[in-house]
Amino acid sequence: MSNVDLDGVSKNGFKVTVFDDALYTCYVGSQWNLVPNGNGSYTVPASGDCTGGQRNIYWSVQTIGGVKYFQFKNLGTGVKPNKVSEGYRLEMKSLTANSMLLQSAVNFEGKTVYINYTFTR
């Protein structure tokens with residue numbers, strides 16, 4: 001993931017954990033491996049507030065009401081996707097051969113803030 005930015009709030013003092021894993025800023029520089037069969041992983045780089053390492057996922061794209069969503073489940077070691085009932089859904093704002101922009105809404109201090117995740121090949 002090449003960048004993570006915010007819409008609707010200043011970055012100063014904004015600390016939110018995403019994907020029940022790490023602060024949103026920990027995902028800058030993360031490496032995502034999305035295999036066509038739905039298996040995949042992402043690796044978060046280790047730094048100050050970020051516990052680095054690889055996380056296994058199962059992913060897909062779903063269209064709901066004409067809007068495309070990237071969705072995934074975090075899988076522990078040896079866990080099958082059908083054994084995980086909860087996951088994450090991010091709206092696909094744009095998709096090209098070399099980039100993808102995903103967006104998720106987060107409630108922060110009573111208002112909706114959007115986290116934008118930019119992926120590049």
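R55 is buried, with a relative accessible area of 15%; here buried means under 20%, exposed means over 50%, and partly exposed is in between, using a 1.4 Å probe and protein chains only. The model is a predicted one, in which local features need pLDDT of at least 70, side-chain atom pairs count only at pLDDT 80 or more, and totals for chains, interfaces and linings use all residues. Residues are numbered from 1 along each chain as its sequence is written, and side-chain values use heavy atoms, leaving out hydrogens and water.

Let's stay with R55 for a moment. Which residue does R55 form a salt bridge with? The partner is D21, and the closest N and O atoms are 2.9 Å apart. A salt bridge here is a side-chain nitrogen of Lys or Arg within 4 Å of a carboxyl oxygen of Asp or Glu. Because R55 lies in strand 6 and D21 in the loop between strand 2 (17-18) and strand 3, the pair ties together parts that are 34 residues apart in sequence. Strands are DSSP runs (E, at least two residues), numbered from the N terminus. The count comes to 2 salt bridges, and K93 with E91 forms one of them. Here are the residues side by side.

| Residue | Relative accessible area | Class |
|---|---|---|
| R55 | 15% | buried |
| D21 | 28% | partly exposed |
| K93 | 44% | partly exposed |
| E91 | 26% | partly exposed |

In the pair of K93 and E91, the closest N and O atoms are 3.4 Å apart.

On to the sulfur atoms. The structure holds 1 disulfide, a term for a pair of cysteine sulfur atoms within 2.5 Å. C26 and C50 form it, with their sulfur atoms 2.0 Å apart. The link of C26 and C50 is left-handed, at -85° about the S-S bond. This pair joins distant parts of the chain, 24 residues apart: C26 is in the loop between strand 3 (22-23) and strand 4, and C50 is in the loop between strand 5 and strand 6 (53-64). C26 counts as buried at 1% relative accessibility, and C50 counts as buried at 11%. S47 also lies in the loop between strand 5 and strand 6, but S47 counts as partly exposed at 43% relative accessibility.

Strand 5 and strand 6 pair in the antiparallel sense over 6 bridges, and G40 stands opposite I57 in strand 6.

Finally, the aromatic rings. Rings of Phe, Tyr and Trp (its six-membered ring) pair if their centres lie within 6.5 Å; planes under 30 degrees apart count as stacked, over 60 as edge-to-face and the rest as tilted. The count comes to 12 aromatic pairs. The rings of W32 and Y42 have centres 4.4 Å apart and planes at 20°, so this pair is stacked. W32 sits in strand 4 (residues 31-34) and Y42 in strand 5 (residues 39-44), 10 residues apart. Both W32 and Y42 are buried. Ring pairs link a cluster whose members include W32, Y42, W59 and F119.

Terms used:
Helices (H or I, at least four residues) and strands (E, at least two) are DSSP runs, numbered from the N terminus. Two strands pair if DSSP finds at least two bridges between them.
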